[in-house]
Amino acid sequence: MSLSFTLADWLSLLVHFMALSLLAIGGAITTAPDMHRYLVDEQHWLTDHQFTASIALSQAAPGPNLLFIALLGWYVGVNAAGGASAGMATWPLGLMGALLSMVGILVPSTTLTFVASRWAHRNRELLAVRAFKTGMAPVVIGLLASTGWILCANLGSAAESWRLWLLTAAVTLLVWRTRIHMLWLLAAGALLGALGWV
Amino acid sequence: MKAPNRPTSRSDLFWSFSRLALQGFGGVVAVVQREMVEKKQWLTREEFVEEWAVAQILPGPNVVNLSLMIGDRYFGIPGALAALAGMLTFPLMIVLALVAAFSGVSDLAPVQAALRGMGAVSAGLITATGLKLLSALKQNPLGVRICWLFAAASFVAIGVLRWPLAWVLFGIGGVACVLAYRAIVRIHHRAAHGGAP
C-alpha cells in the first residue's frame, strides 16, 4: 500500500490521536474500534491486515498495551513512504509515524493525570477525595479480576477451550498463593501454546 | 501505615520502571503490583489500590498514568518523566524492532498458538492481582461485606454483562463513593462524640 501524505495529513493524524487520548478511559485499547474506523475505513491510511498485525505484535512484545498505537503510526509512515516493498527506505517515515502517534495519544492524558493526581494528593484530607478513593477501591479490584476473565473469554469459550481456562486458573492460583516469577509462567504458557497443548 | 521504602533517585525510577515494563506481557499491572508493593515496597497494598483508582478513572493507559503518578510523588516533574521514560523507552524500541524485522512472522501458526498460551497466562496474572488486592479492603470504612458486594457487582457488570467501562466507573463507582462519603462522615461523627454510637 502506498500513499501520498501531506503535512496536513500528519497533522490530522496527530490531532485525531490527541482527541482520542482524552476519551481513553480504561486504557488505550478502548480506543481501538474508533482507530480502526478512522485509519482503515475513513482515511484508508492502513490495511485491515496492518491494523490486526499492530495489535498482535504489540501483545507479543513486553510493555504497556498502548504500544499498538506506535505500530499503527509506524504502518501509516511506511505506507506514506511507498509501502513495505520499499524496504529500509520506509523506516524514517515509519519512525516519525510511531513517535507522532505516541505523542498524540500520551500528551493530553498524561497532562490531565499529572494535574488531577497532584490536586488529589494536595487535597487528600478532603472528605470528597477520601470518599472517592474509599468507594472506588472495591470497584477497581473487581475490574482487575474481570479484565483477566475477559482476556480468557476472548481466547475461547470455557466449553471449547477448557485447557486454556485451566491454565488461566492454575496461573491465578500460583500467582495468588506463591512468589513464583511471572516470566517463568509466561514462558510456560508460550511453550504449551506452541506445542498445541492449550 | 506508610510504605517502608521509596525510590532513591530519578535513575532508580527509570531503571525500576524499565525492568518491570520489560517483564509485562499482556498486562503490566500485575508486575507493577508485585514489584512496587511486594518487592520494593514503595507502596502499601492500600496505597496501591488508591493510586490505581485514580489512574483508572482518568483517561489514558492506566499503567502509564500510575508510573507518572508514582514518579511525580517522589521527585516531581523530573521523576514523573523518568518513570514515564522507563515505562516506554525499551518496550517501544523492542516493538519497533519486531515490526521492522518480523512483520510477517506474527501470522505463523506456532507463533499464534504461543501467543494464545501467553494470553491465557496473562489473564491469570491479572486475575490473581485482583484477588491479592482484596486484602487491602480490610480497613475500608465501607466494611468488608459491602466492599465485596461492590467488587462482585463490578466483576459481573464488566466480565459477564460486558457493560461499557465508563458506566461501571461512574455508575457503580458513583454509588460506592456516595456510600463511602456517608461512612466516613459517620466515623468522624462517632469519633467526635467520644466513641459511643
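Helix α6 (residues 144–160) of chain B and helix α8 (residues 172–192) of chain B are roughly antiparallel to each other, because the angle of about 170 degrees at which they pack is over 145 degrees; angles under 35 degrees count as roughly parallel, 65 to 115 as roughly perpendicular and the rest as oblique. The axes of α6(B) and α8(B) lie 10 Å apart. Axes are lines fitted to C-alpha atoms, for helices over the stretch in contact, and angles run from 0 to 180 degrees between N-to-C directions. Helices here are DSSP runs of H or I with at least four residues, strands are runs of E with at least two, and numbering starts at the N terminus.

The structure is a predicted model, in which local features need pLDDT of at least 70 and side-chain atom pairs count only at pLDDT 80 or more, while totals for chains, interfaces and linings use all residues. Residues are numbered from 1 along each chain as its sequence is written, and chains are lettered from A and ligands numbered from 1 in the order in which they are written.

The contact between α6(B) and α8(B) is made by B:Ile146, B:Phe150, B:Ala153, B:Ser154 and B:Ala157 on the α6(B) side, and by B:Ile172, B:Ala176 and B:Leu179 on the α8(B) side. Two residues are in contact if their C-beta atoms, placed from the backbone, lie within 7 Å. By class, this contact has seven nonpolar residues, one polar residue and no charged residues. Ala, Val, Leu, Ile, Met, Phe, Trp, Tyr, Cys and Pro count as nonpolar, Asp, Glu, Lys and Arg as charged, and the others, Gly among them, as polar.

**The two chains**

The table sets out the chains. A residue counts as buried if 20 or more other C-beta atoms lie within 10 Å of its own, as exposed if 12 or fewer do, and as partly exposed in between, with C-beta atoms placed from the backbone.

Among contacts in chain A between residues at least 6 apart in sequence, 53% join residues at least 24 apart. In chain B, residues 24 or more positions apart account for 58% of the contacts with a separation of 6 or more.

One residue of chain B, B:Thr89, belongs to helix α4 (residues 62–102). B:Thr89 is partly exposed, with 15 other C-beta atoms within 10 Å. From C-alpha to C-alpha, B:Thr89 and B:Ala153 are 37 Å apart in space and 64 residues apart in sequence.

**Where the chains meet**

In total, 81 residues of chain A are in contact with 90 residues of chain B. On the side of chain A that touches chain B, at least two residues each come from α1 (7–23), α3 (48–60), α4 (67–80), α5 (91–122), α6, α7 and α8. The largest share of that side, 25 residues, is supplied by α6(A). The residues of this side of chain A comprise 54 nonpolar, 24 polar and three charged.

Across the two chains, α6(A) packs with helix α3 (residues 45–57) of chain B at an angle of about 80 degrees, with axes 8 Å apart. The two helices are therefore roughly perpendicular to each other. From α6(A), the residues A:Lys133, A:Met136, A:Ala137, A:Val140, A:Ile141 and A:Leu143 take part; they meet B:Val49, B:Glu50, B:Trp52, B:Ala53, B:Gln56 and B:Ile57 of α3(B). Sorted by class, this contact has nine nonpolar residues, one polar residue and two charged residues.

**Two helices of chain A**

Helix α7 (residues 162–177) of chain A has 16 residues and reaches 22 Å from its first C-alpha to its last, close to the 22 Å expected at 1.5 Å a residue; the expected span is 1.5 Å times one less than the number of residues. Its buried residues are A:Leu164, A:Trp165, A:Leu167, A:Thr168, A:Val171, A:Thr172 and A:Val175. They lie on the same side of α7(A), because they cover an arc of only 155 degrees around the axis, the arc being that of the directions from the helix axis to the C-beta atoms. A:Trp162 and A:Arg177, on the other side of α7(A), are exposed. The cover over the buried residues of α7(A) includes α6 (127–155) and α8 (182–194) of chain A together with α5 (109–133) of chain B.

Helix α4(A) has 14 residues and reaches 20 Å from its first C-alpha to its last, close to the 20 Å expected. This helix is mostly covered, with 14 of its 14 residues buried. A:Gly82, whose phi is positive, near 115 degrees, follows α4(A).
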